[in-house]
Amino acid sequence: MNKDAQMRAAINQKLIETGERERLKELLRAKLIECGWKDQLKAHCKEVIKEKGLEHVTVDDLVAEITPKGRGKEYRVF
């Protein structure tokens with residue numbers, strides 16, 4: 001394991017031990033909801049299902065379709 005990976009593992013472990021990891025996850029989740037990111041991805045899922053038809057869409061299809069869009073969206077979260 002290289003130095004960078006070791007440092008990340010140590011930080012992650014400390015965050016878990018102190019409970020900060022869960023607190024940060026909840027803060028991020030709230031901010032994503034607040035800025036509309038969650039609603040926009042939900043709407044995009046509905047569009048994909050409508051276009052392809054419910055019988056022809058799997059969860060894997062939806063994940064493959066929305067992941068790039070979800071990661072590429074730029075929002076002012078903080």
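Helix 1 has 16 residues, and at 1.5 Å a residue it should span 22 Å; its end C-alpha atoms are 23 Å apart, which agrees. The expected span is 1.5 Å times one less than the number of residues in the helix. Helices here are DSSP runs of H or I with at least four residues, numbered from the N terminus. The model is a predicted one, in which local features need pLDDT of at least 70 and side-chain atom pairs count only at pLDDT 80 or more, while totals for chains, interfaces and linings use all residues. Residues are numbered from 1 along each chain as its sequence is written, and side-chain values use heavy atoms, with hydrogens and water left out.

The N-terminal end of helix 1 is capped by Asn2, a side-chain oxygen of which lies 3.1 Å from the backbone nitrogen of Asp4. This is judged as a polar contact, that is, a pair of N or O atoms within 3.5 Å; within protein, one must be able to donate a hydrogen and the other to accept it, and residues adjacent in sequence count only if both atoms are side-chain atoms. After helix 1 comes Gly19, whose phi is positive, near 85°.

The charged side chains may be considered next. A search of the whole structure finds four salt bridges, a salt bridge being a side-chain nitrogen of Lys or Arg within 4 Å of a carboxyl oxygen of Asp or Glu. One of them joins the side chains of Arg8 and Asp4, at 2.3 Å from N to O. Both residues lie in helix 1 (residues 3–18), where Arg8 and Asp4 are four residues apart, about one turn of the helix. An α-helix has 3.6 residues a turn, so residues three or four places apart point the same way. Arg8 counts as exposed, at 53% relative accessibility, whereas Asp4 is partly exposed, with a relative accessible area of 44%. In these terms, buried means under 20% relative accessible area, exposed means over 50%, and partly exposed lies in between, using a 1.4 Å probe and protein chains only.

Arg23 is partly exposed at 44%, and Glu20 is partly exposed at 29% relative accessibility. Arg29 forms a salt bridge with Glu26, with the closest N and O atoms 2.4 Å apart. Arg29 and Glu26 are also in helix 2, three residues apart, or about one turn. Arg29 counts as partly exposed at 42% relative accessibility, as does Glu26 at 44%.

Attention now turns to helix 3. Its 16 residues (37–52) should span 22 Å at 1.5 Å a residue, and the distance of 23 Å between its end C-alpha atoms agrees. Which residues of helix 3 are buried? They are Leu41, His44, Cys45 and Val48. Seen down the axis of helix 3, these buried residues fall within an arc of 105°, so they line one face of the helix; the arc is that of the directions from the helix axis to the C-beta atoms. On the other side of helix 3, Asp39, Lys46 and Lys50 are exposed. Helix 3 is followed by Gly53, whose phi is positive, near 90°.

What covers the buried residues of helix 3 includes helix 4 (59–72). His44 in helix 3 is buried, with a relative accessible area of 14%. Leaving aside neighbours within four places in sequence, His44 is in contact with Glu65, Ile66 and Lys69, contact meaning heavy atoms within 4.5 Å.

The largest nonpolar core has six residues, namely Leu41, Cys45, Val48, Val57, Leu62 and Ile66. Helix 3 and helix 4 each supply at least two residues of this core, and the largest share, three residues, comes from helix 3. A nonpolar core is a set of buried Ala, Val, Leu, Ile, Met, Phe, Trp, Tyr and Cys residues joined through side-chain atoms within 4.5 Å.

A final pair of residues relates sequence to space. Glu17 lies in helix 1 and counts as exposed, at 54% relative accessibility. Glu17 and Val63 are 46 residues apart in sequence and 31 Å apart in space, C-alpha to C-alpha.
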